[in-house]
Structure formats: C-alpha cells, structure tokens
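Please look over the sequence and the model shown here before reading on. The paragraphs that follow go from the chain as a whole to a few of its parts.

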Amino acid sequence: MDATPVHPAEMPIRSRSRAFFGMARGFWTGSSARRAWLLTIIVLAFAFAQITAQVGINGWNRLFFDALERKDIGAVVTTVSLLPLLLGIASFTMSGLVVSRMLLQVRWREWLTNRLAGWWIADQRYYRLGFLDTEHSAPEFRIAEDVRIATEPLVEFAIGLISAAVTALTFAAILWTVAGSITFEIAGRTVFIPAYMAIAAVVYAVVASLAAYFVGRALVGKVAEKNETEALFRAEMTRLRENAESIALIKGDSDERASVRETYRNVVVAWMAVVRRQGFLALVLNTNGALFPLVPLLLAAPKYLSGDLSLGAVIQVAAAFSAVQAALIWFVDNFVRLSEWYASVVRVDELAQTLEEVDIGAIMEDEQQIELGESDDDAIHIDNLSLSHRNGRVVIDDASIRIAQGEKVLIAGESGTGKSTLIRALAGLWPWGSGRIAFPKNVRYAFVPQKPYLPRGTLKDVLLYPESDAPVTEDVIRAAMERCGLDYMVKRLNADDDWDRVLSGGERQRVAFCRLLIHRPPIIIMDEATAALDEGSQDSLLSLFQKELAGSTLISVGHRPGLEDFHTRKVTLIRRPAGAHMQASPLRKSLWKLMATP
C-alpha cells in the first residue's frame, strides 16, 4: 500500500490574508454575529464622533487666534469658555472609542481562539500534528500569541483606515474652503492652482507613502522570519525544561547549552535583518515627521503676508493640513505594525492549513484508510489490518485477529515491528493504513500509556481523570489507592499540587491502575504500562486482571519477564520485509506462579 503524502509544493497556492479573513470573519456571520455587529456599530459611532470633535477643535483654533490677532479680549474670553465643553466631548468620544475598541478586540480574539483551539484539540489533531513533516512549530504559541497579534491590531487598523478616509475628506474640504486657491507668476506667466493646499496635502502624502513602501516592503518577510526563529527558540527552551531530568542525568549540559546558543544565534541574525530594514524605514518616517508640521506654514505664508489669510485662518489651515497628512500617511505610520500583523496572519493561517493537512484526506494520495467501526458481538475484531509509516513503508501487513470478551492478550515482538503503532491504531490515532478495527457497540475502553497524563488539580481529580465529575465516593478512591500501593498518599487526596512533577514514574503508573480500578472499563489497552515498576509491584497490579478486573478485556504491549503469566494469549509480531506478520498462541500460567498464587 502506498501512502505517500501530498507534498506542500503540490498543494494549491493560497492567499494567507484571504484565507485568514475567510476564517476570522465567521465572528460576524456565526452565532456571535449579533454581538459582533453591535460592538462594530458602537466602535464606528465613537470613531465618527471623535472626528466631529476634531473638526470642532479645528474651528475653535481659528476663532481663538483671530481674536488674539484683533486683540479682542471679549472674544478671547468667549472662545476660551467654549474650550472645556469641546475638550469634554473630545475626551468622552476618545474614551468611548478606546473601551469599545478593546471590547471588540477581546471578543473577536476569544471567538477565533476558541475556534482554533477547539479545532486543534478535536479528534486528537494536537497529537497527529506531530506526524506531519512540517516546519510549522509551536501551535500553542500561534493560538495564544499570534491570534492576538492578528486580531487586536486589525481592529485598530480598520478604525484607523476608516477614520483616515473620513478625516482626509473632511479636512480637505476645510483646506479647500479656507485656503482657497493661489495665483503666482513664474517666468512672466501667471499660474493659478485651485484648492492648492488640499492638492499639496495629497501630493505630499502620496510621495511619503510611496517612499515608505519601497523602503520598507522587504520588512514583512524579515518580521515573519524573526517571529519564526523566536518561536523555535521558545520551543527549544520548553523542550529543555520538559526533559530536564533526563538531560541532567546524562550530563548533557554542554550540548544543550551549545544548542540553545545556536538557536538564539538564529534569532539574533533574524533580528539584525529586521533592525537594518527598520533603520532605513525610520529614516523616511523621521524625515516626514520633521517636515510635515512645517510644510503647511510655508505654503500658507504667502497668502498670510498678502493679507488673504488671517492668523486664525493660517492656524486652522495648518491644523487641517496636518490632519489630512496624518490621515493620508496612515499607511506610512503603521507600516511596521502592518508588517508585524501580516507576519502573525501568516503564522495563524499556516496553523490552519496544517490542521487541514492533518485530516487524512489531505495528507494521503488516495482515500484508503483504516475503518473504525462497531462489531456485531462482544469481541474486538481486527480484519485485514495493514499499518504503514507516512513514507509508505509497511509496518504490519494484513493482520486479522478476534479478541473475545474478557480475554487477556499480550502483544510482543522485536523492537520496530509495530507494537506501539498497533496500539495507536486501536486508539484511532494512527492515520496511515487500511483494513478494519471494530469494537463492541456502546462499550467504554481505556488506554494506558507508559507515561500516564496527570492534569492539574487535586490528587482526587488526577485519579478520576478523564471523568473528574464521575459520582465516585472517596471511600472507593481510597480503597483503590490502597490496593494499588498508594495508601501513603491517601491523606493528600484533596491536596492541590503539581502532580506531574511530584510523582515518580512508578507512582504515575500506579495512578493509572487506580483509575482502572475506579472506573472499571470493559476494555483496557496498555502500552508498556508497568515499565517503571519493580517485578513484585508489577505482579501485584497485573493481578487485578485476574481478580477485580477479571471481566475486562485486556490488550497490552510489553516485553518484561513475567507478563505472560497474566495473559491468556500471546500475539507475536514477526518481522518480515513486506511488514510484520501476526502469530497467535495460547498462554498458560507458569508452575511457579500457580504455586505462588493464593
């Protein structure tokens, strides 16, 4: 069977921003649409109100400076008395815009985070993501941080862009009305320019924006590279922390230090590329920042000197010119933030695309896959099962077996014959293969890995996981702890601690057996579940399947001595060039175990 995946280069090219918007706009079209549109309308209302307040302050400037020019004390006092009202309105509209904008940002991020996190966690995609040969690392960071960067600034950009457009039109009209046209002579010829201040503002903004674009357009890619190296560096540090004990035991400090330094060196290289590009862009931005307050004064000076404009009109025109400039060069002022935003959009969409690829139909050339179904009896049926790696190499070929209710089956074989792969396939986690796996209908089953997962919470929560709300009395839990050799932990049953760090490997495996004894699942599948226990503890816990859990069906992978005495049948995976073959044989308890059993 060939299970060669579709190479990314062969997949249709997608527009990252278009794909992101296609996913993110669901906030305004799904169940959250009512809230989304209400917040959007409120934000826009405050944005327009703020522009109105700015127009009022611009008109106040003309009244005030005209009064100063006339030395009219009464007019100055009257004008100043209007200032508190204007400032109050401006402050209220600005505060309202900030609060409503933040509410929209929080709710949109909440919606998108729930969608991506739910997609990532559902159907074990968080696990199967590791099967893909992909450079798209740290999905948790993309969900936690890149979603924030992709949504929060976008709300500000949208508000800024709308405000910029309205502001530009409004204050351009003021420039047209107040400054009017200009007439001057060049080489004996009279030149007439209508609405010259408005035209100058547009021309200046276009020149500044184009200069910023051509200087800074390479910044987008550099920022994306910088974010990727930062994510890889965080992942490297997380891996070091999670494997601290193993690294310390083998004294791998020097190698890890070298690895961390090399990874961070890549971060520095990426940052230096960003710094260089931002340096060129800063030159353009700072030059523009120094020029644009002076340009309107220089342009208005001739009309002021000729008496066509009053001092108040000059101040009003200069303020209006600055407002138009600020609106039209919005792209220039936000170029760096736009680069950061787009880089995060790319990373969020890369995660979305990778989650799509996790689905079997997107990562296999054909639609052949393992069928998970329900059996017609109480047995587990494995029919014509073939398992392969992602590269198409067959691990197990054409395996068939029936496991009756209550049977205890031990899966053995050489390393690399596919024992753990078979367990993953039974759990529905292995996507590459063919054949059928059928479990009894409506029957619960539990999987016990070599390193059981311990969630945060009390020890009671840990023991009840993944059914923390199950109606189980503490007496039942205590009895299970005592039976599994955790009686010394009973007094800490309701203690909240970092159990993942506190408990040893052997204690974790005892916790797993406690869970089995508490929940008593009809089908139990284990993968090296006693590897961290001594032989006596192993025998004590495995004897549960001859007593308390005798009615449960057991499928377990293991190679330690003594396991056969607790199983009724052994399935050996025999290595072959075309894939391992299954060979089943009955088991009988050894004479020593028969004599030792009370």
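Helices (H or I, at least four residues) and strands (E, at least two) are DSSP runs, numbered from the N terminus. This is a predicted model, in which local features need pLDDT of at least 70 and side-chain atom pairs count only at pLDDT 80 or more, while totals for chains, interfaces and linings use all residues. Residues are numbered from 1 along each chain as its sequence is written, and side-chain values use heavy atoms, with hydrogens and water left out.

The secondary structure of the chain comes to 22 helices and 14 strands. Of its 598 residues, 45% are buried, where buried means under 20% relative accessible area, exposed over 50%, and partly exposed in between (1.4 Å probe, protein chains only). The accessible surface, computed by the Shrake-Rupley method with a 1.4 Å probe and, for residues, with only the protein chains shown counting as cover, comes to about 30800 Å² for the chain, and 59% of it belongs to carbon and sulfur atoms. Among contacts (heavy atoms within 4.5 Å) between residues at least 6 apart in sequence, 76% join residues at least 24 apart.

The axes of helix α1 (residues 16-24) and helix α4 (residues 73-121) come within 11 Å and cross at roughly 100°, the axes being lines fitted to C-alpha atoms, for helices over the stretch in contact, with angles running from 0 to 180 degrees between N-to-C directions. Angles under 35 degrees count as roughly parallel, over 145 as roughly antiparallel, 65 to 115 as roughly perpendicular and the rest as oblique, and α1 and α4 are therefore roughly perpendicular to each other. On the α1 side the contact is made by F20, M23 and A24, and on the α4 side by W108, W111, L112, R115 and L116.

Some features of the backbone lie in loops. Most residues other than glycine have a negative phi, and most peptide bonds are trans. The peptide bond from Y465 to P466, however, is cis, with omega near 5°, and P466 is found in the loop between α17 (459-464) and α18 (474-483). N442, which is not a glycine, has a positive phi of about 60°; N442 sits in the loop between β7 (433-440) and β8 (445-448) and is exposed, with a relative accessible area of 71%. E528, also not a glycine, has a positive phi of about 50° and is found in the loop between β11 (523-527) and α21 (535-542), where E528 counts as buried because its relative accessibility is 14%.
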